[in-house]
Every structure is written in structure tokens, then in C-alpha cells.
There are 2 protein chains.
Amino acid sequence: MNNLQQTDQIIRGWLEELRMDVLREMRDPLAVSEKTSRKDLVTNIDKSNEKKIVSFIRKFDPQAQILGEEGSGDDVKDMHGHVWIIDPLDGTLNFVKQRDNFAIMIALYIDGKGVLGYIMDVTSDIIYGGGPEIGVFTQSHELKAPANLTLREGLLGVSGPMLVHDCYNLQAIDEASSGVRILGSAGMEFIQVLTGKQNGYISHLMPWDFAAGKILSETLELLVTKVDGTPVDMLSSNDVLVSTRNTQKDILNMIR
Amino acid sequence: MNNLQQTDQIIRGWLEELRMDVLREMRDPLAVSEKTSRKDLVTNIDKSNEKKIVSFIRKFDPQAQILGEEGSGDDVKDMHGHVWIIDPLDGTLNFVKQRDNFAIMIALYIDGKGVLGYIMDVTSDIIYGGGPEIGVFTQSHELKAPANLTLREGLLGVSGPMLVHDCYNLQAIDEASSGVRILGSAGMEFIQVLTGKQNGYISHLMPWDFAAGKILSETLELLVTKVDGTPVDMLSSNDVLVSTRNTQKDILNMIR
């Protein structure tokens, strides 16, 4: 592996190449199939994107383990050494129904520590990427830590099912916030929090849904934990809370 | 008044001018005040925008009545003659918290009939505008009627409070859809339905929230009614359902 700045440039190059492929391929009819339910979809593009990312990583970092949503990677059992966690197409339901509001996400952990994370908003062509050593940048500017807003002061992104079922007292938490938003893509929700447009996001997420966002969020002084404030498990699903410090404090006081 | 094509061009000119003003003014601190609650805000820019739109209309169509959110217009009692219905800044909470995801909306009704409607997505600089006589256009292309999807086949925009309180059996309706989205701006939600990215939207709306969207939607073979399928009242608040024909049928079968 090269140094971090070079690696950053290489990953951004992969993302731009993947984006061009997606934009071209999504003009053709998609091959869509259901995974666990009719709301949990996978397309030919999720799969082909993952194969491309795995092949980029294998060439660049041959000893690494790769954890990917669609199974082209490895059966990762621990976070030792280099572990890449990738979501080739996050927000697949949006992608299928809207051809918009979806993301590509790539994260690199070394010995369990988040080193580089990338979320690409594909239709807007904006990459939010970097990590604790180099900061977080789009193509045009560096992101600063968002204001440390309280729950009451900002908008909260949530999972629709968790809101409807009032998990963790979420309906009261939403009522205490300035308002609730539902975007249908973890990547797009992380972007809202990273840019200070929402002060939090709560959802049930798999590792590839939060691996990149966690690195970027923590670099910007945001917190990424389980909803009860305990550390997330990088290798299993978690009910995740992404938030400013003050919003986390407010939510921890209200969860049931 | 000139003919419709000319009027269309004139209104688009107003919107571009308003947009430049908003983008410039929103760099300065906003003067924000609460209307009915801390979630119902108004800013100096809502008010100055409305005054500008009213002044554009007074010069262009001096005999017309104007119904505006912030009260710079007239006390409109009926829909006879020319009635302009305007929302100088829709999605004010998004505007205040995000400086993004808000709209400017302008509609012209003549003797109760929708003639021209405009929704401008300000940050994206896209105008969705036109009406039954001239069609619906952005700056770059004409919009075609979206596919007549069933409830199950698409995504449904909803009001957060109506979802949480399960108004009209909305939680079951959402469960029957492909998924629920909450964007926090009626204008942005109408855009999603007009472009086929959502097959419906349900919310409690004031006339300025739906006046322009109704004209555009109906031009594109979408339906805009109360949630029970009856006609909306153009001069009062309504629980509004915007949807494809098939989605309306499915929802009417489920509402309670």
C-alpha cells in the first residue's frame, strides 16, 4: 500500500469509474431480485459493482480481507489486519424505484481502526471521503465538524419501520426533535449528518451500511454507536445511532 | 395578460430572479420566528420573497387576487377571476436547518381552473412548470405522465406526524407500499411524484402547499384529492392525497 494521500486518490478514481459504469448500465432494464423480502432488493448492478470493487482491492491490497454486501468478498471473522468493508450500491430500493438517492460506500479498517471511508452520492457526483489522518473532503472542499446541536435543534433521520413500531421510544424522540426525515439510504442519511443538515440518524444497519460513515463521522467529531450508546460490532448488524454529542446525550436520556 | 407561453416565460424569469436573491441572502444570518409552534417557522426571506412575488404579479396582472402564505396578498374569499396562489418558501424548516431541500411555488387559477403551476427546487435550480394547455417542462425537457403504478409498486411520501399517529390507517398503507419517505417539503414531495420517483404523497396541506403541484400533477394524469378521494377545497387546509390512479384506488380501499 502507498501512503494515505495516494490511497485516497486511488479510491476516488475507482469511485468515479464505478459511477460512469452505473450511469451507463442503469439506462438498460435492471435485473431485480428479492433477498429477504420484496423491500430488500438486489440488482445486477449491485453485483457487478461489488465484483469490480473486489477486483480493484485484490490488485491494490492483495493480503486484505474484504467484507461485501453481495458476498463476492471473504468470510471475514475478525478485524485483524486490513479489512475493506464495501457497499456496492446502498439504497437499492431507491435505485430501483427512482434511479436516484443511492450511494457507493468503501471503507478501510486496519486492525479494527477506521482509516479511510468513502460515500459517493452517485447522481450528484459528490464523494465524501477521507479519514482521521487526512480529514474529510469532497472533490471541492474540506468538511468541518458540524455544530454540536441538541436533539431539539435539528432534524433526525430515522428508519420508517423503527418509527412506526416505536422502537426505543422513537416516536417521542422524534417529537422532541425539530422533525423527522426518511431518505431510504444509509449513505444519504450519513451525508446529511456529516454536512450538518440532520443532527442524527437512527436505523438498523449492516456493517457495510455504516462502515464508511462511521470513519467519516468520527473524523468530524460525530458519534456512531448502538442506540444505547455502546460500541457497534463491526461484523454484525446493529441498531445504530449517528449523531452530534449533544443529540446523543438527549437521545440516551429518552430511549426505552 | 399575454398568452400562456409568454406568461410561462415571464414566471420562469421571476423564479430565476428570486432564486438568485435567496442564494445571496441566505449566506447572512436568518431572522427566524415561530408561527404556530417551534416546528412552524417563518424567516425574513419567506416574507421578502412573498413581497417580491406579489409585486411582480400586481404589475403583470393588476386585477388578480393573490393568496400567499405570509399575508402580503389579499383576503381571497372565492376563486372567481384570476387567483394567484403563492408559497414564497416551502419547506421553511429544511431551509432553516439545512439551507437545502426547499421550494418556491406559484400557481395561477382562472375561475377556479388551474392554468399554470410552478415548483422551483432552489438549490438544484430546476423549475417544474406549465399546465394543461402547454404541458410540464423543466428548463431542459418535457415531463411525461409517470407510469400508473399501484401502491405496492412504489414509494410513498408521507407527513411524519400523520404516520406516527396512524391517521387514516397510514401505517398499514405504508406497509403495503414499497416504502415510506419523509422529505419535509410539499414542493419536494410533489416533484418526486411528478417525476415518478414516488407514486404518492399524503399530508395535511394549506392551499399554497398544493396549488401549483395540483396543476402540474393533473396535467401529468396524476390525481390530487382529499385522502378520501373527494375534491380538495382550494381556499382551506386539506388532508391531501397526490398519487397515480392505481395508487389512489389502492389507498381508498385501505383508508379508515
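**Figure 1. The two domains of chain A in the predicted model.** The centres of domain 1 and domain 2 of chain A, taken over C-alpha atoms, are separated by 21 Å. Domain 1 covers residues 4-137 and domain 2 covers residues 151-254, with bounds that come from an automatic or database domain assignment. Where they touch, 35 residues from domain 1 of chain A and 23 residues from domain 2 of chain A take part in the contact, a word that stands for heavy atoms within 4.5 Å. This is a predicted model, in which local features need pLDDT of at least 70 and side-chain atom pairs count only at pLDDT 80 or more, while totals for chains, interfaces and linings use all residues. Residues are numbered from 1 along each chain as its sequence is written, chains are lettered from A and ligands numbered from 1 in the order in which they are written, and side-chain values use heavy atoms, with hydrogens and water left out.

**Figure 2. The six-stranded sheet of chain A.** Six strands form an open sheet with mixed pairing, in the order β3-β4-β5-β6-β7-β8 of chain A; helices (H or I, at least four residues) and strands (E, at least two) are DSSP runs, numbered from the N terminus. Two strands are said to pair if DSSP finds at least two bridges between them. The edge strands, each pairing on one side only, are β3 (65-68) and β8 (135-137) of chain A. From one strand to the next the twist averages 10 degrees, where axes are lines fitted to C-alpha atoms, for helices over the stretch in contact, and angles run from 0 to 180 degrees between N-to-C directions. Within this view, strand β6 (residues 113-121) and strand β7 (residues 126-131) of chain A pair in the antiparallel sense over five bridges, and A:Tyr118 has A:Gly129 in β7(A) as its bridge partner. Helix α1 (residues 4-25) of chain A packs on the sheet, where it touches β4 (82-90), β5 (103-110), β6, β7 and β8 of chain A, and its direction makes about 30 degrees with that of β6(A).

Figure 3. The strands β12(A) and β13 (residues 238-243) of chain A pair in the antiparallel sense over four bridges, with A:Leu223 standing opposite A:Ser243 in β13(A).

Figure 4. The same surface serves both copies, and 100% of the contact residues of chain A recur in chain B.

**Figure 5. Two buried residues of chain B.** B:Met234 lies in the loop between β12 (223-226) and β13 (238-243) of chain B. B:Met234 is buried, with a relative accessible area of 10%; buried means under 20% relative accessible area, exposed over 50%, and partly exposed in between, for a 1.4 Å probe and protein chains only. Although B:Met234 and B:Pro207 are 27 residues apart in sequence, they are 5.6 Å apart in space, C-alpha to C-alpha. B:Ile119, found in strand β6 (residues 113-121) of chain B, is also buried, with a relative accessible area of 0%. B:Ile119 and B:Ala212 are 93 residues apart in sequence and 6.7 Å apart in space, C-alpha to C-alpha.
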